[in-house]
Amino acid sequence: MERRSGSTKLAPAGFVVEHAEIDTDRVFLDVRATALSATYPCCGTRSLRTQSRYQRQAADLPIAGRRVFLRVTARRFWCDAVLCRRRIFAERFGADILAPLSRRDRTS
């Protein structure tokens, strides 16, 4: 069974559910950030210029006996700061949502 939905209480604040797929033993939630820009943590520069997108997947707590997989669409941005060491950075979601390099969200 597949469902398409917008903002729900399943997604943390600042995120929207793009797609939900419910299987007999699994639930997949595809979410993305609603912010238009991201701030590079090293130099503090905000950027609106998206370089690319990629998916991160994290496990979450079960819902009604079904394993939950959160698929987060993350973006890479260009840094426009002249003296910045790196030109491209990935958007961060905060340790309370999905920490960098984590395989589980903070509630798992």
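The lining of the largest cavity is made up of eight nonpolar residues, with no polar and no charged ones (Ala, Val, Leu, Ile, Met, Phe, Trp, Tyr, Cys and Pro count as nonpolar, Asp, Glu, Lys and Arg as charged, and the others, Gly among them, as polar). The structure is a predicted model, in which local features need pLDDT of at least 70 and side-chain atom pairs count only at pLDDT 80 or more, while totals for chains, interfaces and linings use all residues. Residues are numbered from 1 along each chain as its sequence is written, and side-chain values use heavy atoms, with hydrogens and water left out.

The lining residues are Pro12, Phe15, Val31, Leu70, Val72, Phe93, Ile97 and Leu98. The volume of this largest cavity is about 40 Å³, and the search gives one cavity of 30 Å³ or more. Here a cavity is a set of points, on a 1 Å grid over the protein atoms alone, where a 1.4 Å probe fits but cannot get out, and lining residues have an atom within 4 Å of a point. Grid points are joined across faces, edges and corners, and the volume is the space filled by probe spheres set on the points.

Turning to the fold, the protein has eight strands and zero helices, with strands taken as DSSP runs (E, at least two residues) and helices likewise (H or I, at least four), numbered from the N terminus. Of the 108 residues, 34% are buried (buried means under 20% relative accessible area, exposed over 50% and partly exposed in between, with a 1.4 Å probe and protein chains only). Among contacts with a separation of 6 or more, 46% come from residues 24 or more positions apart, a contact being heavy atoms within 4.5 Å.

Strands β6 and β7 are antiparallel and share eleven bridges; one of the pairings sets Gln57 against Arg71 in β7. Two residues separate β6 from β7 in their hairpin, and Ala64 in the turn has a positive phi of about 50 degrees. Strands β2 and β3 are also paired in the antiparallel sense, over seven bridges, and their hairpin has three residues between the strands. Phe15, one of the residues that line the cavity, stands opposite Ala33 in β3.

Six salt bridges are found in the whole structure, each defined by a side-chain nitrogen of Lys or Arg within 4 Å of a carboxyl oxygen of Asp or Glu. One of them joins Arg32 to Glu18 at 2.5 Å, N to O. Because Arg32 lies in strand β3 (residues 26-33) and Glu18 in strand β2 (residues 15-22), this pair ties together parts 14 residues apart in sequence. Arg32 is partly exposed at 35% relative accessibility, and Glu18 is partly exposed at 31%.

Asp80 and Arg49 form another salt bridge, with the closest N and O atoms 2.8 Å apart. This pair links distant parts of the chain, 31 residues apart: Asp80 is in the loop between β7 (66-78) and β8 (88-90), and Arg49 in the loop between β5 (46-47) and β6 (50-63). Relative accessible area is 43% for Asp80, which is partly exposed, and Arg49 is partly exposed at 44%. Asp23 and Arg26 also form a salt bridge, at 3.4 Å between the closest N and O atoms, and a network of salt bridges links Asp23, Asp25 and Arg26. Asp23 is partly exposed at 31%, as is Arg26 at 30%.

How values were computed: Pairing = 2+ DSSP bridges. 1 Å grid on protein atoms, 1.4 Å probe; cavity = no way out; pocket = protein on both sides within 12 Å on 5 of 7 lines; lining within 4 Å.
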